[in-house]
Amino acid sequence: MTRVLFVVSAADRWTLRDGQVHPSGFWGEELAMPHKIFSRAGWDITLATPGGTVPTLDRLSMSRTAGLPSRLREVSAYLNEIRGELDDPRSLDEIDPDDFDVVFYPGGHGPMEDLSVDPVSGALLTRVLASGKPLALLCHAPAATFAAENPDGSWPFDGYRMTGLSNLEEKFNSFGRKAKWLLEDRLRESGADYTKALLPLRPYVVVDRNLYTGQNPPSSERLAERLVTDVEGAARTA
C-alpha cells in the first residue's frame, strides 16, 4: 500500500507587511480533494503539523469567492468526513520520512507564516527531495522550501522547474497587496525556474524529476491525479 504524508500548516494567521494579522490556515480544497483522490486510490494517509497542532481551516476558502457552490459543498462534506484525522495530527518532529512513499504539502496562506521558517519541515523537504520519492507542493506550499538547506548552505530546490501561486493571483486578494513578500518573486530570486499558466486561476501542474508542484486551488485535483498515475505506473513497471 502506498503511504502518503500530508504536511499541513499549523498557523491560524498570516502577518502582513504593516503588522496586520489576517486570519488564515490551510485552504480547504487543497487538502480535501487530494486527500479524497488518494483515499479512493487506496493509499494510506497520515497528517502531520508542526507540534501536532490541530490545523485551522481558512474560512475564506469556504466563501462564495473560493469556488462553485457544488465544489464548496463537496469540500465541506469531505472535511467533515475526515474530521477525526484533522483533529488528531501527528507532530512533524516525530515523523520519519523514510516511512512514506509520497509527501504532500497543501497550501493556504498558513505555510507563508510557519512552514517557510520551520527547520523541521525544511530538513524533511531536503531529505525527501534527495531521496527521489515524489514530493508535492500546492499553491502557497512551495513557501515551505525556503526553510530547506543543503549541508553546504545552498538551497536544495535551486534550478528546479516549479510553480506556485502567482503574483497576479495573490493580488486578487486586497490584503495580498500587503504581503511581506510574494511567492512567485521569492521563488525566482531563490533560484527556481518558476513557470505559470497563461491565465490566472487555471489548473497548472509542473513536474521536474521527483518534484511536483501545482499553481493554485484549481490545480488540486490535477496534481493529485498526476501523482496517483505516476506512482501506480511506477509500481506496475517495477
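C139 lies in the loop between β7 (135–138) and β8 (161–162). Helices (H or I, at least four residues) and strands (E, at least two) are DSSP runs, numbered from the N terminus. The structure is a predicted model, in which local features need pLDDT of at least 70, side-chain atom pairs count only at pLDDT 80 or more, and totals for chains, interfaces and linings use all residues. Residues are numbered from 1 along each chain as its sequence is written, and side-chain values use heavy atoms, with hydrogens and water left out.

C139 counts as buried, at 2% relative accessibility. Buried stands for under 20% relative accessible area, exposed for over 50%, and partly exposed for values in between (1.4 Å probe, protein chains only). The phi angle of C139 is positive, near 60 degrees, and the residue is not a glycine. L201 also has a positive phi, of about 60 degrees, although L201 is not a glycine. This residue is found in the loop between β9 (193–194) and β10 (205–208). L201 is partly exposed, with a relative accessible area of 42%.

The overall architecture was examined next. The protein chain has 8 helices and 11 strands. Its radius of gyration is 16 Å, close to the 18 Å that the globule rule gives for 238 residues, so the chain is as compact as a globular protein of that length. The radius is taken over C-alpha atoms, and the rule is 2.2 Å times the number of residues to the power 0.38. Along the principal axes, the C-alpha trace spans about 50 × 45 × 35 Å. Of the 238 residues, 55% are buried. Contacts (heavy atoms within 4.5 Å) were also counted by separation along the chain. Among those with a separation of 6 or more, 77% join residues 24 or more positions apart.

The accessible surface of the protein chain comes to about 10,500 Å². Carbon and sulfur atoms hold 48% of this surface. Areas come from the Shrake-Rupley method with a 1.4 Å probe; for residues, only the protein chains shown count as cover. There are 26 positive and 34 negative side chains. The centres of the two sets lie 7 Å apart. Lys and Arg count as positive, Asp and Glu as negative, while His and the chain ends are not counted. Each charge is placed at NZ of Lys, CZ of Arg, CG of Asp or CD of Glu.

Two residues fall in the loop between β4 (44–49) and α2 (69–81). G52 is one of them, and P55 is another. G52 is partly exposed, at 23% relative accessibility, whereas P55 is buried, at 7%. Beyond neighbours within four places in sequence, G52 is in contact with P89, R90 and S91. With such neighbours again left aside, P55 is in contact with V8, S9, F26, T49, L86 and P89. G52 and P134 are 82 residues apart in sequence and 23 Å apart in space, C-alpha to C-alpha.

S116 sits in the loop between α4 (110–113) and α5 (119–131). The residue is buried, with a relative accessible area of 6%. Its side chain reaches the backbone oxygen of M112 at 2.9 Å.

How values were computed:
Polar contact = N/O pair within 3.5 Å; in protein donor to acceptor, adjacent residues only side chain to side chain.
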